[in-house]
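Dear colleague,

I am handing over the structure we spoke about, and my notes on it follow directly below. Please read them with the coordinates open beside you.

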Amino acid sequence: VQLQASGGGLVQAGGSLRLSCAASGSIFSIYVMGWYRQAPGKQRELVAAMTRGGNTNYADSVKGRFTISRDNAKNTVYLQMNSLKAEDTCVYYCYADLIKATGSPRSIYWGQGTEVTVSS
C-alpha cells in the first residue's frame, strides 16, 4: 500500500491550497483517511480526518478554514485549506486506516509528507 500526497507549496497569508492524497495497492476498504501536520521541533498533530461514511473531525485551529473530503472510489482524500496563516506552515502527512483483505487487521499507512509554507 502506498499513499502519494501532493499539492503543497508556498502561498501568501490569506491564500488557499488544496492537498490531495491517493492510496494505491492491495486495499480492501479504507475506514478513515486524514491529515496530520508537523512543524519543526513540535509533535505531529491531527488536522482533519474523515470516515468512509462521511463523518469528519477537525482540529480547533483549522475549523471554518479547512475542509476535508474523500472520493472513496478513487481512494483519495483532499484537504482544501483557505485563509491560510503563517502558523499553518508545516509538513502535512496524509494517512489511511484500512484493511488489505477481508478479515485482515486494520493498519495505518502514511504518505511521504508535503510541505506547506505560508508567508506573512
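The notes below take up the core, then the cysteines, and then the strand pairing. Please keep in mind throughout that this is a predicted model.

I begin with the core. The largest nonpolar core holds 31 residues, and those that touch the most other members are Trp35, Val47, Phe66, Ile68, Leu79, Met81 and Tyr92. The largest share comes from E9, which supplies five residues. As an example of the packing, Leu79 is in contact with Leu17, Arg18, Leu19, Trp35, Val47, Ala48, Phe66, Thr67, Ile68 and Tyr92, when residues up to four places away in sequence are left aside.

Turning to the cysteines, a search of the whole structure gives one disulfide. This disulfide is formed by Cys21 and Cys94, whose sulfur atoms lie 2.0 Å apart. The torsion about their S-S bond is about 55°, so the disulfide is right-handed. Because Cys21 belongs to strand E3 and Cys94 to strand E9, the pair ties together parts that are 73 residues apart in sequence. Cys21 is buried, with a relative accessible area of 0%, and Cys94 is likewise buried, also with a value of 0%. Cys90, by contrast, takes part in no disulfide, and the nearest cysteine sulfur, which belongs to Cys94, is 15 Å away.

Strand E9 deserves a separate look. Nine of the 10 residues of E9 are buried, which leaves the strand mostly covered. As for its pairing, E9 runs antiparallel to E4, to which nine bridges join it, and within this pairing Trp35 stands opposite Cys94 of E9. E9 is also joined to E11 by three bridges, again in antiparallel fashion, and here Tyr92 has Thr114 of E11 as its bridge partner. Finally, four bridges join E9 to strand E10 (residues 107-110), with the two strands running antiparallel, and Ala96 stands opposite Tyr109 of E10.

With kind regards

Definitions and conventions. Residues numbered from 1 in each chain as written. Predicted model: local features only at pLDDT ≥ 70, side-chain atom pairs only at ≥ 80, totals over all residues. Heavy atoms only, no water. Core = buried A, V, L, I, M, F, W, Y, C linked by side-chain atoms within 4.5 Å. Buried < 20%, exposed > 50% of the residue type's maximum accessible area, 1.4 Å probe, protein only. Contact = heavy atoms within 4.5 Å. Disulfide = S-S within 2.5 Å. Pairing = 2+ DSSP bridges.
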